[in-house]
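Open the model in a viewer and keep the selection panel at hand.

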Amino acid sequence: MRKKIVAGNWKMNCNLAETKLLLEGLTQHLPNQITAEVIVSPAFTNLHYAFENLKETPIHVASQNIHENDSGAFTGEISASMLKAVGVSHAIIGHSERREIYNESDALLQAKVNQSLANEITPLFCVGEKLPAREAGQHFEVVKQQIEKATFHLSAQEFKKIVVAYEPVWAIGTGKTASPEQAQEMHKFIRDLIAQNYTETVADEISILYGGSVKPANAKEIFSMPDVDGGLIGGASLKADDFIEIIKSI
Ligand code: PEP
């Protein structure tokens, strides 16, 4: 049975005091019985604090990025071993904001995926098309290329360790959500692609999350789709009550 996962992408939000408050809100109100694996991704400066304060809870800590090299002259960067040492278990890789604003290429993302796996950090690997590609009917091809180029070099054993997040760029932070049917259609496409490149068994084991304006009001419907195994949540993960409602929707 593949895992259900709800991960919060906090982006460049929450200083230390705000991180403390948000984590308190989450830990105080998270129900005892949760079916999803829950992940939060504070900023680099707050990862250590988050891990120390969450280690007695079921909540995991993700970084929002990871560097592709082990160490060295990369001023301003953070290595995988540094992340691992402060309790990071997951890393968001290939978020559309990093692809777009920081020009992260498929080749770079492949190196980041490798580095993450080599350090036993689970990649939350994001893919998704922009609006013009969807309007031109090229969304399947875009997502196919993104997955193939950054992850299909992995062995089946390695690939099974990654989590895929489908995030149509036109739905991120815009309030426009893909319909449950649009999400299901793409998730099924991704699962079939994995089955073709690896096996049905591998494809069945991979959690594929949906991301893009998920809120308490639409989470249940999206999560009810058979190939949607949870969500990567941006804006709504910054409000403890909303994030908990989304977690409860699984
Ligand atoms: C995201 O940035 O990963 C995301 C899904 O954002 P939002 O939920 O705010 O659309």
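What volume does the largest cavity have? The largest cavity has a volume of about 30 Å³. A cavity here is a set of points on a 1 Å grid over the protein atoms alone where a 1.4 Å probe fits but cannot get out, and lining residues have an atom within 4 Å of a point. Grid points are joined across faces, edges and corners, and a volume is the space filled by probe spheres set on the points.

This is a predicted model, in which local features need pLDDT of at least 70 and side-chain atom pairs count only at pLDDT 80 or more, while totals for chains, interfaces and linings use all residues. Residues are numbered from 1 along each chain as its sequence is written, and side-chain values use heavy atoms, with hydrogens and water left out.

**Stop 1: the cavity**

Searching the whole structure gives 1 cavity of 30 Å³ or more. To see its lining, select Gly94, His95, Ser96, Arg99, Cys126, Val127, Gly128, Gln146, Glu167 and Val169. Two elements, α4 and β5 (122-127), each give two or more residues to this lining. Helices (H or I, at least four residues) and strands (E, at least two) are DSSP runs, numbered from the N terminus. The cavity lining has 3 nonpolar, 5 polar and 2 charged residues. In these classes Ala, Val, Leu, Ile, Met, Phe, Trp, Tyr, Cys and Pro count as nonpolar, Asp, Glu, Lys and Arg as charged, and the others, Gly among them, as polar.

**Stop 2: the largest pocket**

Now select Lys11, Met12, Gln64, Arg98 and Tyr102, which lie nearest the centre of the largest pocket among its 19 lining residues. A pocket is an open set of points with protein on both sides within 12 Å along at least five of seven lines. The volume of the largest pocket is about 550 Å³. Helix α4 (residues 96-101) supplies the largest share of its lining, 3 residues. Sorted by class, this lining has 9 nonpolar, 6 polar and 4 charged residues.

**Stop 3: α5 against α7**

Select residues 106-118 for helix α5 and 139-151 for helix α7; the two pack at an angle of about 50°, with their axes 7 Å apart. Axes are lines fitted to C-alpha atoms, for helices over the stretch in contact, and angles run from 0 to 180 degrees between N-to-C directions. α5 is therefore oblique to α7; angles under 35 degrees count as roughly parallel, over 145 as roughly antiparallel, 65 to 115 as roughly perpendicular and the rest as oblique. Asp106, Leu109, Gln110 and Val113 of α5 make the contact with Gln146, Lys149, Ala150 and Thr151 of α7, where contact means heavy atoms within 4.5 Å. Gln146 also belongs to the cavity lining of Stop 1.

**Stop 4: α12 and its two partners**

Go to helix α12 (residues 240-248), which packs with helix α1 (residues 16-29) at about 40°, the axes being 9 Å apart. These helices are therefore oblique to each other. Leu22, Gly25, Leu26 and His29 in α1 meet Ala240, Phe243 and Ile244 in α12. This contact has 5 nonpolar, 2 polar and no charged residues.

Select Pro216, Ala219, Lys220 and Phe223 of α11 with Asp242, Glu245, Ile246 and Lys248 of α12 to show the contact. Its residues divide into 4 nonpolar, no polar and 4 charged.
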